[in-house]
Amino acid sequence: MTEAAELPPAPEQAREVFGERFTDAVRYAELLAEAGVQRGLIGPREVPRLWERHLLNCAVLSEVVPQGVTVCDVGSGAGLPGIPLALVREDLKITLLEPLLRRTNFLTEVVELLGLDHVTVVRGRAEEVMGKLPPVHVVTARAVAPLDRLATWGIPLLRPYGEMLALKGDTAEEELKSAATALSKLGAVTTSVVQVGEGVVDPMSTVVRVEVGESPGGVRFAAKRAKAARTGRARRRRG
């Protein structure tokens with residue numbers, strides 16, 4: 001039996017959540033079950049629960065993303081949560097940021113196949129692209145790293161008064177508590193844990209929300225960001 005054959009039919013909630021993009025969501029699920037498994041992007045055991053645990057779990061993040069903003073999905077991997085979010089929210093401008101070539105190749109293929117014109121794939125690490133990519137309103141992440149480490153990568157990519165939305169599991173409250181000092185040093189002003197996806201996924205998806213003030217990443221990153229911006233301007237002038 002192939003991995004694709006193990007992919008269950010899409011649940012009724014998927015039709016409601018993805019709407020006009022439902023067919024594209026099905027195609028994405030098939031790609032994850034086939035090429036995603038073959039290339040080692042997801043484990044074969046995840047195929048039977050792709051819809052509930054992955055696609056829908058990520059798509060409901062849209063409930064807490066403001067309208068018409070720019071988003072950077074850090075450590076996008078196989079496109080989670082960035083691609084489900086893009087399928088339900090064409091008002092967003094999304095960058096899928098991923099350092100590994102085999103993953104960015106997969107992401108590029110998916111974006112082109114599904115016609116996601118509002119999505120850009122960028123290969124690189126968060127710490128490498130700061131100052132090279134325009135700061136965004138929202139940074140998203142899922143299963144990338146513990147919150148304190150994730151924050152050091154994601155928060156400096158934000159615009160002033162932006163927010164980081166991290167999909168977490170049962171340890172969300174505990175991680176937030178242990179990361180409090182690090183988050184404060186990085187310019188966080190408000191933190192919270194919110195549940196999304198009521199009536200769609202059970203259990204609901206847990207999101208750690210970190211809102212920043214006027215200096216995302218703190219003073220040290222503000223100086224680093226300014227230096228990177230100056231270097232970029234100098235290069236453009238020379239070019």
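## The largest pocket

The largest pocket has a volume of about 920 Å³. Its lining counts 36 residues, and the closest to the pocket centre are Leu80, Arg142, Ala143, Val144 and Leu167. This is a predicted model.

Several elements give two or more residues to the lining: helix 3 (50-59), strand 2 (93-98), helix 6 (126-129), strand 5 (158-168) and strand 7 (205-212). Helix 3 provides the largest share, four residues. By residue type, the lining of the largest pocket divides into 16 nonpolar, ten polar and ten charged.

## Strand 2 and its neighbours

Strand 2 is one of the elements that line the pocket. Is strand 2 enclosed by the rest of the structure, or open? Five of its six residues are buried, so strand 2 is largely enclosed.

Now strand 3 (residues 119-123). Helix 5 (residues 101-114) belongs with strand 2 and strand 3 to a β-α-β unit, which is right-handed.

## Cysteines

How many disulfides does the model contain? The count comes to zero. A disulfide is a covalent bond between the sulfur atoms of two cysteines. The cut-off used for the sulfur pair is within 2.5 Å.

Cys58 is in no disulfide, and the nearest cysteine sulfur, that of Cys72, is 15 Å away. Cys72 is likewise in no disulfide, with the sulfur of Cys58 as the nearest cysteine sulfur. Are these two cysteines buried or exposed? The cut-off for buried is under 20% relative accessible area. Cys58 has 0% relative accessibility, so it counts as buried. Cys72 has 4%, so Cys72 counts as buried too.

Methods: Residues numbered from 1 in each chain as written. Predicted model: local features only at pLDDT ≥ 70, side-chain atom pairs only at ≥ 80, totals over all residues. Heavy atoms only, no water. 1 Å grid on protein atoms, 1.4 Å probe; cavity = no way out; pocket = protein on both sides within 12 Å on 5 of 7 lines; lining within 4 Å. Points joined across faces, edges and corners; volume = space filled by probe spheres on them. Nonpolar A, V, L, I, M, F, W, Y, C, P; charged D, E, K, R; others polar. Buried < 20%, exposed > 50% of the residue type's maximum accessible area, 1.4 Å probe, protein only. Right-handed = clockwise from strand over helix to strand, strands pointing away.
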